Amino acid sequence: MEKVRISKLMSERGMCSRREADAYIERGWVKVDGKVATLGTKAFPNQSITLEKAALARQAQQVTIILNKPVGYVSSQAEDGHKPALNLITPQNQFDKAHHKFEPGHLRGLATAGRLDIESQGLLVMTQDGRIAKQLIGEDSEVEKEYLVRVEGRMPSNGLQLLNHGLSLDGDLLRPAEVSWLNDDQLKFILQEGKKRQIRRMCEMVGLKVVGLKRVRMGNVTLADLPQGQWRYLKPFERFL
């Protein structure tokens, strides 16, 4: 058994992101077996790592935002002159103001967890909390993502079977999915991974062209009645898993 950097262990345990771990360690808010850790400290995987109350209080203040992203916005940084979805996070666009009041500080460090391309719409999660980001987009994420996908074209008789399991992207076999027809031109996809433009590329491989894509659920959190272009805070009782 070899020692590992504490920040890596903390991230693997879902305590926070590596960046957050380093910030907490730098402030003296992390203990290993009861002793205050320092930057660069390593520990064995079976050692106890705890956060001080100050770190827990900092985490409690972090916000997570649910946005109904319209087509025409990019999920993260502005590119090629396109507008970033972050531009929509304003007091005027807040849908449910009963649970949490908007504060400009909530935009600081807000990162997208699970992107939607510019041509797609629907549920987009932005969070300050590294634990939630890892839960949603970590390599071992088990959070389901559900999409409604409108398509054109005809696929072979085994196309639906291939969409569910049997396709590879970028040299890797895709994890099993749940894909079914909702009507003559619309499919429902449930995935546990999110490679770049994955659904569009999967459809192309079975002779279909995606003409509309909307994410409606991530884990236990749904888009529900959130209007397009508006956002709300993740409620205290809501959990993705």
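Which residue just after α2 takes a positive phi? Select Gly28: its phi is about 75 degrees. Helices (H or I, at least four residues) and strands (E, at least two) are DSSP runs, numbered from the N terminus.

Before going on, note that this is a predicted model, in which local features need pLDDT of at least 70, side-chain atom pairs count only at pLDDT 80 or more, and totals for chains, interfaces and linings use all residues. Residues are numbered from 1 along each chain as its sequence is written, and side-chain values use heavy atoms, with hydrogens and water left out.

**Stop 1: helix α2**

Select residues 18-26, which make up α2. Its buried residues are Glu20, Ala21, Tyr24 and Ile25; buried means under 20% relative accessible area, exposed over 50%, and partly exposed in between (1.4 Å probe, protein chains only). Seen down the helix axis, these buried residues fall within an arc of 135 degrees, so they line one face of α2. The arc is that of the directions from the helix axis to the C-beta atoms. Now colour Arg19 and Glu26, exposed residues on the face turned away from the buried side. To see what covers the buried residues of α2, show α1 (6-12), β2, β5, α3 (53-61) and α4 (130-137), which are among the covering elements.

**Stop 2: a sheet of three strands**

Next, show the open sheet of 3 strands, ordered β3-β2-β5, with antiparallel pairing. Two strands pair if DSSP finds at least two bridges between them. The edge strands, β3 (35-36) and β5 (49-51), each pair on one side only. Between β2 (residues 30-32) and β3 there are 2 bridges. Select Lys31 and look across to β3, where Val36 stands opposite.

**Stop 3: strand β6**

Move to residues 64-69, strand β6, where 6 of the 6 residues are buried. In a regular strand the side chains alternate between the two faces of the sheet. Here Thr64, Ile66 and Asn68 point one way, while Ile65, Leu67 and Lys69 point the other way.

Which strand pairs with β6 over 6 bridges? Select residues 121-127: this is β10, and the pairing is antiparallel. Thr64 stands opposite Thr127 in β10. Ile65 has Tyr233 as its bridge partner in β18.

**Stop 4: the largest pocket**

The largest pocket holds about 890 Å³ of space. On a 1 Å grid over the protein atoms alone, a pocket is an open set of points where a 1.4 Å probe fits, with protein on both sides within 12 Å along at least five of seven lines; lining residues have an atom within 4 Å of a point. Grid points are joined across faces, edges and corners, and a volume is the space filled by probe spheres set on the points.

Select Arg115, Gly194, Lys195, Lys196 and Arg197, the closest to the pocket's centre of the 34 residues that line it. The elements giving two or more residues to this lining are α4, β11 (145-153), α6 (198-205) and β16 (208-218). The largest share, 3 residues, comes from α6. By class, the lining has 10 nonpolar, 11 polar and 13 charged residues. Ala, Val, Leu, Ile, Met, Phe, Trp, Tyr, Cys and Pro count as nonpolar, Asp, Glu, Lys and Arg as charged, and the others, Gly among them, as polar.

**Stop 5: helix α6**

Stay with α6 and select its buried residues, Gln198, Ile199, Arg200, Met202 and Cys203. They pack against β11, α5 (159-164), β12 (168-169), β15 (186-191) and β16, where contact means heavy atoms within 4.5 Å. After α6 comes Gly207, with a positive phi near 85 degrees.

**Stop 6: the second largest pocket**

About 680 Å³ of space lies in the second largest pocket. Of its 28 lining residues, Ser17, Arg19, Glu20, Gln62 and Gln128 lie nearest its centre. Two or more lining residues come from each of α2, α3, β9 (111-112) and α4.

**Stop 7: two loop residues**

Finish with Asp170, in the loop between β12 and β13 (172-173). Asp170 is not a glycine, yet has a positive phi of about 55 degrees. Is Asp170 buried or exposed? At 57% relative accessibility, Asp170 counts as exposed. Ala224, in the loop between β17 (221-222) and β18, has a positive phi near 50 degrees. Ala224 counts as exposed, at 64% relative accessibility.
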